[in-house]
Amino acid sequence: MRERATLDHFDRLFTGAADPWGTRTSRDEAHKRRVVLRMLGTQTHGRVLELGCGNGSNSQVLASRALSLDACDGSKAALRRADQTVGGLSRVKLHHLPLPSRFPRSTYDAIVIAEMLYYLDDRTLAFVMREIERSLRPGGSLVLCHHHRQFADAAQKQPGFHARFTRRSRINWQSGTRHRTSRWEAQTFWRPRNRIGDTR
């Protein structure tokens, strides 16, 4: 059995290659970006948080839907790659954020998390959900996108992960658009606008 992925593992990957998984060149990854962007809607959001930005390949397109994008990663090597990609965009700010750590801002209009939550242990997942609850405004959107095929180095069971993750929350999430391929799925979850009934 392969060992679970660690930040040191990702630092080595991004030190050795600018695009370890071909996220900039893969047709499937390009399709995934279009799906995630569509789930944010056509409007421009004020403040958007991206967890697990990697080399910034998604950050480039997310910035087109945000007045301000906080792109975060726990790997310093990944952030160096991301800086090469989006460092010149004034609306994007890069943050070194090894989890569990508090999110950079207190309030976000949308939060996007792709291909990273299944690497976290239960304690860290619980912390991340508490931070989402604290910082996502009423009416805000949470966009999740993850592989549903099991990886040997993942800390979580990947099939059905989105449903299990949102069940960790005290929020009565409203399920939005869902898109599933043979490899991955993406889904939008909306936080109720009314604080009454917001939590279970």
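Hi everyone, let's start at a helix contact: D11, F14, T15 and G16 of helix 1 meet K76, A77, A78, R80 and R81 of helix 4. Contact here means heavy atoms within 4.5 Å. Helices (H or I, at least four residues) and strands (E, at least two) are DSSP runs, numbered from the N terminus. By residue type, this contact divides into three nonpolar, two polar and four charged. For the classes, Ala, Val, Leu, Ile, Met, Phe, Trp, Tyr, Cys and Pro count as nonpolar, Asp, Glu, Lys and Arg as charged, and the others, Gly among them, as polar.

A word on what you are looking at: this is a predicted model, where local features need pLDDT of at least 70 and side-chain atom pairs count only at pLDDT 80 or more, while totals for chains, interfaces and linings use all residues. Residues are numbered from 1 along each chain as its sequence is written, and side-chain values use heavy atoms, with hydrogens and water left out.

Back to our pair. Helix 1 (residues 7-16) packs with helix 4 at about 35°, and their axes are 7 Å apart. Axes are lines fitted to C-alpha atoms, for helices over the stretch in contact, and angles run from 0 to 180 degrees between N-to-C directions.

Now let's zoom out. The chain has six helices and seven strands, in the sequence pattern α-α-β-α-β-α-β-β-α-β-α-β-β. Its radius of gyration is 16 Å, close to the 16 Å of the globule rule for 200 residues, so the chain is as compact as a globular protein of that length. That radius is taken over C-alpha atoms, and the rule is 2.2 Å times the number of residues to the power 0.38. The C-alpha trace spans about 50 × 40 × 30 Å along its principal axes.

What is the strand order in the sheet? The seven strands form an open sheet in the order 3-2-1-4-5-7-6, with mixed pairing. Two strands pair if DSSP finds at least two bridges between them. Strand 3 (92-96) and strand 6 are at the edges with a single partner strand each, so one side of each has no neighbour in the sheet. From one strand to the next, the twist averages 15°.

Here are two of the pairings. Strand 4 (residues 108-114) and strand 5 (residues 136-147) run parallel, joined by six bridges, with Y108 opposite L136. Strand 6 (residues 174-180) and strand 7 (residues 184-190) are antiparallel over five bridges.

Let me finish with some loop residues. Which peptide bond is cis? The bond from L99 to P100 is, with omega near 5°, and P100 sits in the loop between strand 3 and strand 4. E115, in the loop between strand 4 and helix 5, is not a glycine, yet has a positive phi of about 55°. D19 lies in the loop between helix 1 and helix 2 (27-39). Leaving aside neighbours within four places in sequence, D19 is in contact with R24, T25 and N55.
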